[in-house]
Amino acid sequence: QFTDSIEGHFIAELCKGDCALVIDNFETPLRQDTAACEAFVQQLLGVAGVWVVTCIQGSEVPAGVQWAEPVKLFKLSDESARALFCEVSRNPAHATDPCLGRLLTYMDGVPHAIQLLAAQADGEETLDVLEERWRSEKTQLLQRGGDHTRDTDIEAAYKFAIENPKLRGDPMKFARLLACLPFGIAEVDLPMLFDGESPSRAIKLLKAAALVYVEAGRLRMLAPLREYIVRKAPASSAEVLPAWKFYARLAARNERYDGARGFQGTFGLLNEYPNAFWAVELAIEEGAPEGISGAIAFG
């Protein structure tokens with residue numbers, strides 16, 4: 001936080017000539033004092049010849065400024081993910097290791113996760129031990145060093161993200177539910193699965209926080225974040241129940257829900273197989289009869 005004297009020196013330096021000012025991790029002060037951050041950015045832009053670039057998690061930006069088109073990050077392709085992993089692990093031979101493909105699937109194309117995973121592979125000839133560690137440690141494995149900052153520990157980054165005060169209530173309730181489902185939720189099925197007061201508002205806030213995205217008409221969550229929420233902030237039985245009943249019914253009846261017409265016709269479980277499988281596994285774990293009927297349908 002700037003004192004008057006420091007702020008004055010800072011502005012004076014900016015006035016000396018054209019420059020670009022990059023503010024990283026701007027979501028932290030923006031969450032703590034939105035009005036002050038917006039006033040600060042407007043003050044910066046009052047200095048001639050200054051370009052301001054902010055790096056923010058999510059899509060929420062300071063108001064009162066006409067921002068340029070944002071540069072958005074997307075999941076890495078398999079080729080780029082492999083290249084990044086080998087660059088950080090400093091072992092080109094890892095590119096052909098049979099374990100790498102599976103490990104990258106768990107990372108879901110997230111550059112931060114891939115970097116932190118690859119840091120654990122530095123000095124390793126093969127990746128079989130790393131894959132075994134992932135199975136037992138999950139996102140606890142995604143760190144380097146010992147300072148546990150959001151840059152060096154993905155769980156610290158995720159903890160900060162889900163503790164956003166704006167996400168309390170329905171948004172986090174929906175996030176916990178979505179984390180359970182390996183194939184996300186079709187937007188048309190949302191009324192059947194989530195009984196929050198305002199699903200649209202909850203989803204909008206989660207999108208703005210970059211915790212949820214839409215892909216081919218489905219609400220999705222990146223795999224490492226799903227793993228973290230399931231372990232650290234799991235959904236309650238009551239929160240999971242509507243989705244479990246829905247997908248267990250799909251599995252048992254081999255039907256597809258179609259809006260107001262209800263369950264209609266055979267769909268072969270093709271478009272909901274991962275979620276239906278999740279529901280049947282959960283039913284078997286709980287000893288529920290849906291586990292038997294679902295397993296028969298799969299057979």
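This is a predicted model: local features need pLDDT of at least 70, side-chain atom pairs count only at pLDDT 80 or more; totals for chains, interfaces and linings use all residues.
In secondary structure, the chain comes to 15 helices and 7 strands. If you draw a box along the principal axes, the C-alpha atoms fill roughly 75 × 50 × 30 Å. Take the contacts with a separation of 6 or more: residues 24 or more positions apart account for 68% of them.

So where do those buried side chains go? In soluble globular proteins, nonpolar side chains tend to be buried together. Here, the largest nonpolar core has 60 residues, and the members that touch the most others are Phe85, Phe174, Tyr247 and Trp278. There is also a second, separate core of 15 residues, with Leu14, Leu21, Phe26 and Val47 among them.

Let me stay with Tyr247 for a moment. Which residues does Tyr247 touch, once we skip those up to four places away in sequence? The list includes Leu181, Gly184, Ile185 and Leu193, and then Glu272, Asn275, Ala276, Trp278 and Ala279.

That brings us to a pair of helices. Two packed helices are described by the angle between their axes and the distance between the axes. For helix H13, residues 237-253, and helix H14, residues 273-286, the axes come within 8 Å and cross at roughly 105°. Angles of 65 to 115 degrees count as roughly perpendicular, and H13 and H14 are therefore roughly perpendicular to each other. From H13, the residues at the meeting place are Val240, Ala243, Trp244, Tyr247, Ala248 and Ala251. Facing them from H14 are Asn275, Ala276, Trp278, Ala279, Val280, Leu282 and Ala283. What kinds of residues make up the contact of H13 with H14? They divide into 12 nonpolar, 1 polar and no charged.

Now a quick check on H14 itself. At 1.5 Å a residue, its 14 residues should span 20 Å, and the end C-alpha atoms are 20 Å apart, which agrees. Buried in H14 are Asn275, Ala276, Trp278, Ala279, Val280 and Ala283. Those buried residues pack against H13, helix H9 (170-180), strand E5 (218-220) and helix H15 (290-298). Just after H14 sits Gly287, with a positive phi of about 70°.

There is also a proline in helix H14, Pro274. Is Pro274 buried or partly exposed? Buried would need under 20% relative accessible area, so Pro274, at 30% relative accessibility, counts as partly exposed. Leaving aside neighbours within four places in sequence, Pro274 is in contact with Pro182 and Phe183. Pro274 and Trp244 are 30 residues apart in sequence, and their C-alpha atoms are 12 Å apart in space.

Let's turn to another pair, helix H4 (residues 78-89) and H5. Their axes are 11 Å apart, and the helices pack at an angle of about 110°. That makes H4 roughly perpendicular to H5. H4 brings Asp78, Ala81, Arg82 and Phe85 to the contact, while H5 brings Leu100, Gly101 and Leu104. This contact divides into 4 nonpolar, 1 polar and 2 charged residues.

Last stop: helix H12, residues 223-232. Its buried residues are Ala223, Pro224, Leu225, Arg226, Tyr228 and Ile229. What covers the buried residues of H12? The cover includes helix H5 (98-107), helix H6 (111-120), helix H8 (154-162) and H9.

Terms used:
Residues are numbered from 1 along each chain as its sequence is written. Side-chain values use heavy atoms; hydrogens and water are left out. A nonpolar core is a set of buried Ala, Val, Leu, Ile, Met, Phe, Trp, Tyr and Cys residues joined through side-chain atoms within 4.5 Å. Buried means under 20% relative accessible area, exposed over 50%, partly exposed in between (1.4 Å probe, protein chains only). Contact means heavy atoms within 4.5 Å. Axes are lines fitted to C-alpha atoms, for helices over the stretch in contact, and angles run from 0 to 180 degrees between N-to-C directions. Helices (H or I, at least four residues) and strands (E, at least two) are DSSP runs, numbered from the N terminus. Angles under 35 degrees count as roughly parallel, over 145 as roughly antiparallel, 65 to 115 as roughly perpendicular and the rest as oblique. Ala, Val, Leu, Ile, Met, Phe, Trp, Tyr, Cys and Pro count as nonpolar, Asp, Glu, Lys and Arg as charged, and the others, Gly among them, as polar. The expected span of a helix is 1.5 Å times one less than its number of residues.
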